[in-house]
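Morning, everyone. Let me put one model on the screen and walk through two spots.

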Amino acid sequence: MATPVASASSNGGLQPPHPAQVAKLLSGDHFANGNSGSNGVSTPRLRKDTIGYKSSPFPLKATQQGEVVKILSETGFMPPELVSGEVDWFYNHLGIDNAYFLAENPDAIADHILALYSAKLLAYTKHDPNQLVIDLEKITPEGEAGKEGAVWIHTSQPGVTVKTGPGASVEKQIDNLYLDNSTPEKAYRLETYRSSGAISSTISQQLRCYFVARCSFPTSAPVKSANGNVDIRSVSDASFIEKASDATLDIYQEIMDEVSRRDGPVIEMFEIEDSRERRVVIGYKMGGTKRFFSALSDLYHFYGLYSARKYVEQFSNGITIISMYLNPVPNSRAPPIEHSIHQIVRETSLLYCLPNNPFFAVAEDDENAGHAVQEATYAYAGWIFAQHFCNRLGSAYLALKNVLDESNPSHAEVVNKIKTRFREETFTRENIREVIQAHPELVRMLYINFAMVHYPAPDEASQLTPTLSFQRLKTEVPVTTEELHAIIRKKAQNLHAFQILEALLVFNKHVLKCNFYQPTKVALSFRLDPSFLPDIEYPKKPFGMFFVIGPDFRGFHVRFRDVARGGIRVIRSRGKENYNSNVRTLFDENYALAATQNLKNKDIPEGGAKGTILPEVDANYRQCFEKYVDAIIDLLIPGRTPGIKGPIVDVSGRQDPEILFFGPDENTADLMDWAAEHARARGASWWKSFTTGKSAEKLGGIPHDVYGMTSLSVRQYILGILKAHGLNEKDVTKFQTGGPDGDLGSNEILLSKDKTVAIIDGSGVLYDPAGLDRPELIRLAKARKPINFFDKAKLGPEGYQVLVDEQDVKLPSGEVIPDGTEFRNNFHFRVKADLFVPCGGRPEAVNISNVAQLLDSEGKPNFKYVVEGANLFFTQTSRFWLEKKGVVLFKDSSTNKGGVTSSSLEVLAGLGQNDEEYINNMIFKDGKPSHFYQSYVKDIQSKICENAAAEYHCITKEWHRNNGTKSRTTISDELSSTLNNLQHELEISDLYENIQSRKNVLRRAMPKTLVDTIGLETLMERLPEQYQRAVWSAWVSSNYIYACSMQASNVDFFHFFSKLSQ
């Protein structure tokens, strides 16, 4: 493995080869933890007799040794005159810890000594001591005789990570089989030692021994001390308590206390008196990272160190602590341990985030080929960024797109297929990685370019000599971005490589702030300026982007305005192929969802936003969500704790704090409470408004399903249609996707009085042309049960139920359905009804390739009216197609905005009240809501109905004005754009400075219950300036357009606004 080489000056010290700016920039010594000495605090020293673990007592060791001598003498495989000497060497001169002799029986030890003797003979016959190979393994599974665990013994050269042969995979096996899978219910501890003596007097090699054992925890509940912390002795394994010194227990107790208070690793370093040995102790939440133990070996080997012994301890309160005793490899060219140890402490937090980083695996025979962890982590981030943002379409796609007519459905389909193909084949993850690995010097220069901007300035207390970071880069001099671009163009192997490396430079130029250099973190997060997004693919530029990278996930957050809100979606993959497909579409899906949300949020303060998280196939998606949230919070609140959360560099120049609002989405509905509580624990003043969809009783959330928030807005469109077309609802036939077990489906049943003829949900299909029994549907909706619980006795003679797990079902017509799932998936193409209300289903279920199936044999549409409850059930082109066929269709961004209105006012309740008021007014007492809460919910419901009805009439009025020549879909989109544009213009205008009109607007825009209880003046003092502007501009723009139409003139606005000051 490549090792950084120390450069010596004339006086024997370290001489920086770079300009002072780079030396200061890349030293990073002030980022180690507080006790490590790198922020001016002296490093703790431990006495040798207290440094860690007591020697395992084994009074019967001599007796066991005698038994082993007897066994070997009887086997006859070893000359009798050599047996005693070999056994004595193994027991008393090799330096193996007593833990080994306690763990093994005499027969196994005899086998190991015989294997060692045989290996020495083989090496002798080859006249090469280096050919001596020991590779012993014993795994005892659960249930077999003896205690569950494992033992490995192999020859080992200090400070070297081997790729093949003995020991090459042992630590990775230990990670995979034991440490990564440890839980408080079933955990494993590890002890590993390097023999202090050589294998023989003529062969200098040493042995490495690993002992894994199942933990035995106390059965009683954990004991807490007076300060509320868990007593380490009450959650420890019995073997650990027996062996740990008092000093170790004290150290581990402090680390355990700190781990319980925060996320990310706690890292401490200690000097051992009268020795160059250093002890590094790392604590973290169990399961917080994977493959970490084996990655740590690569880290200290990289800096020319080896471990004398290492321990991994597990605790039943869900905490893991690793302890490593590190020493310099003799006669190494590496920098002294006194300097390199601080770099190891700093880089451990990066390794914790990305322990399985392919760019940190370096060749042993090329000391210039490898990257330090900081560089390797940067390379990994650039690799992920390039996968998503290398320009994979280019001029050929643009030329084709300009030739084709995207309003033509067949042309649009061709364009979409070509776009997908280009993205799949132009730049793959594999060839992007190969390019990055093939250009280590350029990647190193790109890292310097990144670090020059984002490395925080050193504090005054940091006085240590700049060490390893700059030594790895000693031949590089910082260059400008323009110069670096020219160097990349010159040195890249080909155009393909240039485009990939150029993407890393684009990444550097557009990072506004990041947590890369935070001392503790659980994932990497970057706040990006979205201006690099190509117009051809992303015609509307977002306001802001966050890019998050974890060890087993990646994610984005996109918002279209400063004040914005949207759900966080976890995209779970069914398998590797599905995961690869999701990687290709991840950002596009995020962008499209945020853009759709922005259209929907047209008359509320928050613009559209959306977050997406893509875990790897076998990842714990909840942990991925938690790391995603914590990493973004790193960039939202200032770090003020040296060694834990320090200041970050923000090149945006922004003065006011950035605030995000998260909501529930796929796979995150039950995680909103955790995110709010976590923001509170991190000290965020805005924790009450950070998430919507919180539980009502515990955190004062306002659940959409309980109060029918989304359905109320959908309902206004249905009522508008009924009135406009003179229909009696009881006579209207209706079909809905999304059953009585869901939010929209259940509330649509409870609010309606129509003749529902068919329902599809996850369990199957329910159909009755005479109308499904309404009391039975209401029963299911109130119980939130799917249609498989429908009483089939209440179906008419032509009615039927087909469930997804059924086969060969015979319908009343005599038709046989071979597969229930396939029938369910396509049933929406065979139903006829007056009204179709999608309340569930996958996005793009109806698209341009299948929309023609919604016509009957005479070419007439199956539905007269469509009100979209579910998001994106129809593609845009299929909407146009249906409207041309005469279908009255209202799209999702207009119809189902009740949920976002409710969430917006949930945010306001959090921002407008202090903690005491919020707890009293919003959080349930004895399981019951307060009078304030109930009144506030009613205000929200009224606001939803008011906004939905106003938008329905605005769209309908504009449709009639155009005599039906412009589709309602187009009008809806134009209305959203008009409102968003006007809202933006008002938000930055000086009209906001009119105090009286501002007060009048805010009083009308905010729910009466909140204004009456808290007071308008108090609310204006508390609400952030940018949020108040958003509330004011949203109300003015929407009420003006709804009242005066989309064609209103400047004179109309003058009269409208003049009234607001009165």
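Is Val87 buried or exposed? Val87 counts as buried, because its relative accessibility is 0%. Buried here means under 20% relative accessible area, exposed over 50%, partly exposed in between, with a 1.4 Å probe and protein chains only.

Some ground rules. This is a predicted model, so local features need pLDDT of at least 70 and side-chain atom pairs count only at pLDDT 80 or more, while totals for chains, interfaces and linings use all residues. Residues are numbered from 1 along each chain as its sequence is written, and side-chain values use heavy atoms, with hydrogens and water left out.

Back to Val87. It sits in helix H3, residues 80-93. Helices (H or I, at least four residues) and strands (E, at least two) are DSSP runs, numbered from the N terminus. Which residues does Val87 touch, leaving aside neighbours within four places in sequence? Gln65, Val68, Val69, Leu72 and Ile113 are in contact with it, meaning heavy atoms within 4.5 Å. Val69 is 18 residues away in sequence, and 6.6 Å away C-alpha to C-alpha.

Two strands pair if DSSP finds at least two bridges between them.

Now inside. E23 (residues 833-838) and E24 (residues 863-867) pair in the parallel sense over 3 bridges. There, Phe836 stands opposite Val866 in E24.
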